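Have the view open and follow the topics in turn.

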Amino acid sequence: MLMNVFNMGFGESILLQKDRESLLVDCGSKRKDNVESQIEWIWSCMNDPKSISFMLTHFHEDHFNRFEALVHLFFEISNWTILIIIIF
């Protein structure tokens, strides 16, 4: 299993990958800038996944506010299976 931790600026995202399946835990930042570069950074670390799951641990801005942009990117470029898990 491969793990990448992204310091998003007052928030972190953790990408877990095994084979061609990925799980992204949280995807947010308190910073209002760098949205595109952060999304490209996460995307560049993925190893041609066939599916991706998202897990949002809680609803603080620094854990979820990049989520919408990431989901749009993944839908635009592929027909992946996407699973969204939200934990309260």
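Strand 1 (residues 2-7) and strand 2 run antiparallel and are joined by 6 bridges. Please keep in mind that this is a predicted model.

**Strand pairing**
- Strand 2 also runs antiparallel to strand 3 (residues 21-25), with 5 bridges between them.
- Glutamine 17 is a handy landmark: in strand 2, glutamine 17 is the bridge partner of leucine 2, and in strand 3 the bridge partner of glutamine 17 is serine 22.
- The hairpin of strand 2 and strand 3 has 2 residues between the strands, and aspartate 19 takes a positive phi near 55 degrees there.
- Strand 2 (residues 12-18) has two faces: Ser13, Leu15 and Gln17 form the covered one, while Glu12, Ile14, Leu16 and Lys18 form the uncovered one.

**The nonpolar core**
- The largest nonpolar core holds 15 residues, and Leu24, Ile42, Phe54 and Leu70 have the most contacts inside it.
- Helix 1 (35-45), strand 4 (51-56) and helix 3 (67-77) each give two or more residues to this core.
- Helix 3 is the biggest contributor to this core, with 4 residues.
- Setting aside residues up to four places away in sequence, leucine 70 touches Leu24, Cys27, Ile39, Ile42 and Phe54.

- Gln38, Ile39 and Ile42 are buried in helix 1.
- Down the axis of helix 1, the buried residues fall within an arc of 100 degrees, so they line one face of the helix.
- Glu36, Glu40 and Ser44 are exposed on the other side of helix 1.

Technical notes:
Residues are numbered from 1 along each chain as its sequence is written. This is a predicted model: local features need pLDDT of at least 70, side-chain atom pairs count only at pLDDT 80 or more; totals for chains, interfaces and linings use all residues. Side-chain values use heavy atoms; hydrogens and water are left out. A nonpolar core is a set of buried Ala, Val, Leu, Ile, Met, Phe, Trp, Tyr and Cys residues joined through side-chain atoms within 4.5 Å. Buried means under 20% relative accessible area, exposed over 50%, partly exposed in between (1.4 Å probe, protein chains only). Contact means heavy atoms within 4.5 Å. The arc is that of the directions from the helix axis to the C-beta atoms. Two strands pair if DSSP finds at least two bridges between them.
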